[in-house]
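Here is a short briefing for a first look. Keep the sequence and the 3D view open as you read.

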Protein chains: 2
Amino acid sequence: MTQGTAKAARTPAVSRRAVLDAATRLVEAQGVAGLSMRKLAAELGVAVTSIYWHVGNREALLDELVQEMVHGLDALSPSGPDPTTRVLSLAVGLRRVLRDHPHLIGLVNERGLTPAMFLPSERALAAEITAAGLTGARAAEAVRAVQYHVIGFVLVERHTDRSPEQRPSAEELWQAELAAPPPAGAADSALARALAAPVDADRLFEISTGALVRALLAPSPPARET
Amino acid sequence: MTQGTAKAARTPAVSRRAVLDAATRLVEAQGVAGLSMRKLAAELGVAVTSIYWHVGNREALLDELVQEMVHGLDALSPSGPDPTTRVLSLAVGLRRVLRDHPHLIGLVNERGLTPAMFLPSERALAAEITAAGLTGARAAEAVRAVQYHVIGFVLVERHTDRSPEQRPSAEELWQAELAAPPPAGAADSALARALAAPVDADRLFEISTGALVRALLAPSPPARET
DNA sequence: CGCCGGGTGTAACAGGGTTACAGAAGGCTT
DNA sequence: AAGCCTTCTGTAACCCTGTTACACCCGGCG
């Protein structure tokens, strides 16, 4: 179904490509929830059934979008002199790609394509972490730790980005904390002031990822000595 | 609107509490998307408008649910002898609570209540990190790094949990990697085998969080010296 | 007694995904 | 050339969603 292998009969009003492009545009503009088959048809000046003809389904349409977007993740190559900075460069690149397609993670999540999506970066990470001297299960844990950290970070970022009006914002909450002097445990006013400031996501990512990677690639075993 | 302060006239068919409880049940069972006002009304044996009378809105209803659930996050207390293990215990507790309410994060996210939700844990983390010797901006960065890490980890976990059928599972992908010997960079077969195994989330969380916290609380400054 | 107001129900609106069905138009076979 | 077959489009409907205008019931109060 959907196209087959024969040639086009009449000159089509829309093509599968046009539908996919318009859908991409809609998703990028209004999010996944903003993609409706009727809106799509209206934007293309076409009846809804034509959409259904070219891409069979809303699910299938999203599937296709995800497949296309995921291919943008293949070109991740590390850079830097030592393994630590190379792993960090991979993490930074992965975050950048994920941030550039904010709806990608959600889509991939709904479609259950997460493993396939992250295989390329997983492979690159594995190579660098092997080069750093880790092997076997230790290396696998390090790979996954970095992956989870980066993906999770972007997910949190996306969450905070998507809610423009925070009822009691973190800033307000911590400024209230500053007002009431020392009844709770907020003794360090500099800390409270810093927590009242908005998050510098770039810097935070650099710091936390750097700390994680350095600790993971350190020679000492991951068990703590009290 | 919605109740006011007067006494009940006739014996009401449903109460605000009953609506909230039924809604909680529905959300826990079928997720946020599974909560529809009509389903809710049907389950309570009542017309839709009654739902609207007691809780004004779907948004308001979800708001209320979130408020109730968030209060379950207040009781997080650290345990352990040294700051590192105490911070780790906070991280573990936060992850446990979040995992126990899988829909909580999504709800809170949609409602923009994330800062309020995580203020208690933020406060506890700040206290422990201060006790570890960090101050001011450094301490704030550490607090947020741990927070982002834990929340992100749970988000990733939730994502992987919610998709039961992964088209090409990570296991299959890495086993295919094992079959083709050394054309790509997958030299370490033990690593590939480890990556082909399913993720042990508990262990991974312990390892990655431990590494992160230990690196963050280490005396050396977070800037890397190339 | 009549009025007021809390609480409920009926029915409708707009907007979503999806599809049964009819039709148009070119390519192909006979 | 006639006719069928396939591709593609449009109309109209079905069922779902959130939401609301309106009428209604019924206990308390003046």
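Which residues in H1(B) meet which residues in H4(B)? Arg16(B), Arg17(B), Val19(B), Leu20(B), Ala23(B), Thr24(B), Val27(B) and Glu28(B) in H1(B) meet Leu61(B), Glu64(B), Leu65(B), Glu68(B) and Met69(B) in H4(B). Contact means heavy atoms within 4.5 Å.

This is a predicted model, where local features need pLDDT of at least 70, side-chain atom pairs count only at pLDDT 80 or more, and totals for chains, interfaces and linings use all residues. Residues are numbered from 1 along each chain as its sequence is written, chains are lettered from A and ligands numbered from 1 in the order in which they are written, and side-chain values use heavy atoms, with hydrogens and water left out.

**Chain A overall**

- Chain A has 11 helices and zero strands. Helices (H or I, at least four residues) and strands (E, at least two) are DSSP runs, numbered from the N terminus.
- Along the sequence, the pattern of chain A reads α-α-α-α-α-α-α-α-α-α-α.
- Of the 226 residues in chain A, 49% are buried. Buried means under 20% relative accessible area, exposed over 50%, and partly exposed in between (1.4 Å probe, protein chains only).
- Take the contacts in chain A between residues at least 6 apart in sequence: 69% of them join residues at least 24 apart.

**H1 and H4 of chain B**

- H1(B) and H4(B) pack at an angle of about 80°, and their axes are 10 Å apart. Axes are lines fitted to C-alpha atoms, for helices over the stretch in contact, and angles run from 0 to 180 degrees between N-to-C directions.
- The two helices, H1(B) and H4(B), are therefore roughly perpendicular to each other. Angles under 35 degrees count as roughly parallel, over 145 as roughly antiparallel, 65 to 115 as roughly perpendicular and the rest as oblique.
- The residues of the contact of H1(B) with H4(B) divide into seven nonpolar, one polar and five charged. Ala, Val, Leu, Ile, Met, Phe, Trp, Tyr, Cys and Pro count as nonpolar, Asp, Glu, Lys and Arg as charged, and the others, Gly among them, as polar.

**Helix H2 of chain B**

- Helix H2 of chain B spans residues 37–44, and Met37(B), Leu40(B) and Ala41(B) are buried in this helix.
- Seen down the axis of H2(B), the buried residues fall within an arc of 95°, so they line one face of the helix. The arc is that of the directions from the helix axis to the C-beta atoms.
- An α-helix has 3.6 residues a turn, so residues three or four places apart point the same way.
- Arg38(B) and Ala42(B) are exposed, on the face of H2(B) turned away from its buried side.
- The cover over the buried residues of H2(B) includes helix H1 (16–30), helix H3 (48–54) and helix H4 (58–70) of chain B.
- Just after H2(B), Gly45(B) has a positive phi of about 65°.

**H5 and H7 of chain B**

- Helix H5 (residues 83–100) and helix H7 (residues 114–131) of chain B pack at an angle of about 165°, with axes 8 Å apart.
- H5(B) and H7(B) are therefore roughly antiparallel to each other.
- The contact of H5(B) with H7(B) divides into 11 nonpolar, one polar and two charged residues.
- Met117(B) lies in helix H7 of chain B. Met117(B) is buried, with a relative accessible area of 2%.
- Beyond its neighbours within four places in sequence, Met117(B) is in contact with Val70(B), Leu73(B), Leu98(B), Leu104(B) and Val108(B).
- Met117(B) and Gln67(B) are 50 residues apart along the chain, with their C-alpha atoms separated by 8.7 Å.

**Two residues of chain A**

- Ala145(A) sits in helix H8 (residues 136–162) of chain A. Ala145(A) is buried, with a relative accessible area of 0%.
- Not counting residues up to four places away in sequence, Ala145(A) touches Leu212(A), Leu216(A), Leu204(B) and Ser208(B).
- Arg203(A) is in helix H11 (residues 201–217) of chain A. Arg203(A) is partly exposed, with a relative accessible area of 43%.
- Arg203(A) and His101(A) are 102 residues apart in sequence and 20 Å apart in space, C-alpha to C-alpha.
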